[in-house]
Amino acid sequence: MVSVPRLVIAAPASGSGKTTIATGLMAAFAGRGLAVSPHKVGPDYIDPGYHALATGRPGRNLDAYMCGPELIAPLFTHGAGGCDLAVVEGVMGLYDGASGQGELASTAQVSKLLRAPVVLVVDASSQSRSVAALVHGFASWDPEVRIGGVILNKVASDRHEALLREALDESGLPVLGVLRRAPQVATPSRHLGLVPVAERQADALDAVRAMGERVREGCDLDALLALARSAPALSDEAWEPEASPQEGSRPVVAVAGGAAFTFAYAEHAELLTAAGAEVAVFDPLHDEKLPSGTAGLVIGGGFPEVYGPELSANEPLCRAVTELALSGAPVAAECAGLLYLARELDGRPMCGVLDASARMSERLTLGYRQAVAVADSVLAAAGTRLRGHEFHRTVLEPGAGATPAWGLLQPERRVEGFVQGGVHASYLHTHWAAEPGVARRFVERCRG
């Protein structure tokens, strides 16, 4: 049995202030000297970066679609082990999940799987007594979801606060915090959401401090901690990456990082390490060489379209990546990595490993996908089924090579991506904890 005090921070809808309040709570409790474990429901890569700044621990995702409901509690327990408190930021509205899949991947489902109390963040800017009806509806919709209190956000005045509190007295749910309307904390956004921490480290630190201060001033931290401690113990065994027998040297797996490649799940590096690899992070914006002894390459998601000129100008590294790929070494590229391996991006030369051209688009491609491996590759045997997520505003032409990476089964049937020698490149983001054989297979191929 594992007992970790925990809270899920949810809202009736996106835009209510979940990220500000969840990150602020993490910072405020960490400021009290507590070891705080940060988590985010869903496939979001950016919010966990702010969570990590607030807590000093890796931000981790809990995605019941990509990993399956059965892995949510084990992954949570793995990340939260030894901590005094865990704060889980929800996704969208409390009951919103994968399209057409009922509660699957919703914040509500995750709260039930974790047996965690929910704090509902309500944007109260345009209501008074109606807030009670809203909160009552969310609290009674699913009796298995335990809403333990409310934080009122964007409250206009003392009079407005009094009206809201009077209305909520009838609901039986305590008001655990009140935040006044204020200029938004400086967390700039662009075409795929917040600007990642790696691109604005100093400013991001200031923003997280400001969030923590607002929450300290406006929330009852003692009551919130007491609510978190009311969560029952979990009987689920913690997830751990399965260690592979260590024979011979540990192959070096270079993993792209830096400001252009910020999308990564913490478990991927843990899985590679457990499979016997030495993980070496490098920055394609600045490093002109791959890490010494590189036997395999992982290039995840991020924003190469923002850093196109710098990536293109780093010709020595582009040549090194191309030479590694042409040698047959394993290369796994997701989304941003796919664009980096293309011939060009928005007219600027990239690595040229793939005979394809990429450009920015007005259309956002977003959503969960079911996929099957079309052919054997460094990541999966033909026929392997995985679930993933697409999230980009770029178009690649052609969208698939002679041997595609994946056949997508939902919501539309199509093939996409490239399997070419040792290269596996695709728009699809996947979570390797759902299929640990991916990391083991990749490292084995690196051993040759």
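The model is predicted. Its chain holds 13 helices and 22 strands. The radius of gyration is 23 Å, close to the 22 Å that the globule rule gives for 448 residues, so the chain is as compact as a globular protein of that length.

**Overall build**
- The C-alpha trace spans about 70 × 45 × 45 Å along its principal axes.
- Of the 448 residues, 58% count as buried.
- Take the contacts between residues at least 6 apart in sequence: 75% of them join residues at least 24 apart.

**Surface and charge**
- The chain carries 38 positive and 50 negative side chains.
- The centres of these two sets lie 3 Å apart.

**Backbone features**
- Most residues other than glycine have a negative phi, and most peptide bonds are trans.
- Glutamate 397 and proline 398 are joined by a cis peptide bond, with omega about -5°.
- Proline 398 sits in the loop between β17 (385-397) and β18 (406-410).
- Methionine 92 has a positive phi, near 50°.
- Methionine 92 belongs to the loop between β4 (85-89) and α4 (107-114). Its relative accessibility is 36%, so methionine 92 counts as partly exposed.
- Arginine 115 also has a positive phi, near 50°.
- The loop between α4 and β5 (118-123) contains arginine 115. At 47% relative accessibility, arginine 115 counts as partly exposed, because that class runs between the 20% limit for buried and the 50% limit for exposed.

Note on methods. Residues numbered from 1 in each chain as written. Predicted model: local features only at pLDDT ≥ 70, side-chain atom pairs only at ≥ 80, totals over all residues. Heavy atoms only, no water. Helix = DSSP H or I, 4+ residues; strand = E, 2+ residues; numbered from the N terminus. Rg over C-alpha atoms; globule rule 2.2 N^0.38 Å. Buried < 20%, exposed > 50% of the residue type's maximum accessible area, 1.4 Å probe, protein only. Contact = heavy atoms within 4.5 Å. Lys, Arg positive; Asp, Glu negative; His and termini not counted. Charge placed at Lys NZ, Arg CZ, Asp CG, Glu CD.
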